[in-house]
Amino acid sequence: LMKMPVSAAQQLVELIAQAVKDIEADVGTQIPGGTITDVNSPTVAAEDQLEATATRRAALRNLQAATHQLLATLMPAGLYGLVTYATFYYKAAIDTVVGAGIADLIHSMDPDSSKGGVPVHVLAEKASMDPRKLTHILRFLALRNIFCELSPGHWANTRHSVVLRTDAPNTIVNALGHLRDDVTAPVLFQLPKLLLDKQPDG
C-alpha cells in the first residue's frame with residue numbers, strides 16, 4: 001500500500017500533541033504527580049502559580065501558534081476573517097462582566113459550584129442588568145471557558161473567570177483596567193487612522 005503524505009494540518013496536530021505532552025511533563029516535574037486542573041474548576045489552579053520554565057514557555061508558544069495555524073488552514077477564509085475581526089467583542093464582554101462584578105457575585109453565592117451555580121436572574125438583579133442580555137454575554141464568554149453554564153440559566157466560575165474576581169490571588173482586574181484606559185481605547189480608535197495617514201510623521 002502506498003503511504004499517504006502527511007498533510008500540513010496533520011503535522012500541526014502533531015505539533016499540538018507534542019506541546020501538550022511537554023506542558024504536562026513540566027507540570028508533573030514541578031508538582032510531583034501533578035496534573036492539569038479541570039478548566040471548569042472554580043479554583044486558582046496550582047499549575048498557574050508555577051515558575052514559567054523555558055520548556056513550558058516554549059511549549060505554550062508552540063501550542064498557541066500551531067492552534068492558530070490549524071484554524072487558519074482549515075476554516076473557510078471568509079469565516080476566519082469574520083471570527084478574527086470579532087475578537088474585540090471578547091474585550092467588550094469581559095469589560096461588562098468585570099464592571100458588573102459577575103465573578104465576585106458568583107463566588108459570594110456558590111464559590112465551589114456545589115450549589116449547582118447561580119441563577120442568571122439573581123446575578124442580573126444584583127448587577128442591575130437585564131437577565132437576557134447577561135445570558136448572551138455569559139454564553140459568549142463560555143465559548144472560551146470564561147464562566148460555565150452548569151445547567152440552563154445557572155452559572156459558575158471557571159479557572160479563567162476566577163481571575164476576574166477582585167479578591168482572587170491571581171486577579172487581573174487591575175491590569176485589565178490599565179489596558180482598557182491606556183492601551184486598548186487608543187489602539188481601537190486611533191491606530192487605524194494613524195496607519196492609514198499618508199504623511200510619514202502622522
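Me: Which residues form one aromatic cluster here?
Reply: Bear in mind that this is a predicted model. The structure holds 3 aromatic pairs. Tyr85 and Phe88 make up one of them, and Phe88 also pairs with Tyr89. The cluster is Tyr85, Phe88 and Tyr89.

Me: Are the rings of Phe88 and Tyr89 stacked or edge-to-face?
Reply: Their centres sit 4.4 Å apart, with the planes at 25°. Planes under 30 degrees apart count as stacked. So this pair is stacked.

Me: And what about Tyr85 and Phe88, stacked or edge-to-face?
Reply: Here the distance is 6.0 Å centre to centre, and there are 80° between the planes. The cut-off for edge-to-face is over 60, so Tyr85 and Phe88 come out as edge-to-face.

Me: Is Tyr85 buried or exposed?
Reply: Exposed means over 50% relative accessible area. Phe88, at 34%, is partly exposed, and Tyr89, at 46%, is partly exposed too. Tyr85 has a relative accessible area of 65%, so Tyr85 is exposed.

Me: Moving on to the helices, are α6 and α7 roughly parallel or roughly perpendicular?
Reply: The axes of α6 (residues 120-127) and α7 (residues 131-142) come within 9 Å and cross at roughly 110°. Angles from 65 to 115 count as roughly perpendicular. That makes α6 and α7 roughly perpendicular.

Me: How many nonpolar residues are in the contact of α6 with α7?
Reply: On the α6 side you'll find Val120, His121, Leu123 and Ala124, which meet Pro131, Leu134, Thr135 and Leu138 of α7. The contact has no charged residues and 2 polar ones. The nonpolar count is 6.

Terms used
Residues are numbered from 1 along each chain as its sequence is written. This is a predicted model: local features need pLDDT of at least 70, side-chain atom pairs count only at pLDDT 80 or more; totals for chains, interfaces and linings use all residues. Side-chain values use heavy atoms; hydrogens and water are left out. Axes are lines fitted to C-alpha atoms, for helices over the stretch in contact, and angles run from 0 to 180 degrees between N-to-C directions. Helices (H or I, at least four residues) and strands (E, at least two) are DSSP runs, numbered from the N terminus. Angles under 35 degrees count as roughly parallel, over 145 as roughly antiparallel, 65 to 115 as roughly perpendicular and the rest as oblique. Contact means heavy atoms within 4.5 Å. Ala, Val, Leu, Ile, Met, Phe, Trp, Tyr, Cys and Pro count as nonpolar, Asp, Glu, Lys and Arg as charged, and the others, Gly among them, as polar. Rings of Phe, Tyr and Trp (its six-membered ring) pair if their centres lie within 6.5 Å; planes under 30 degrees apart count as stacked, over 60 as edge-to-face and the rest as tilted. Buried means under 20% relative accessible area, exposed over 50%, partly exposed in between (1.4 Å probe, protein chains only).
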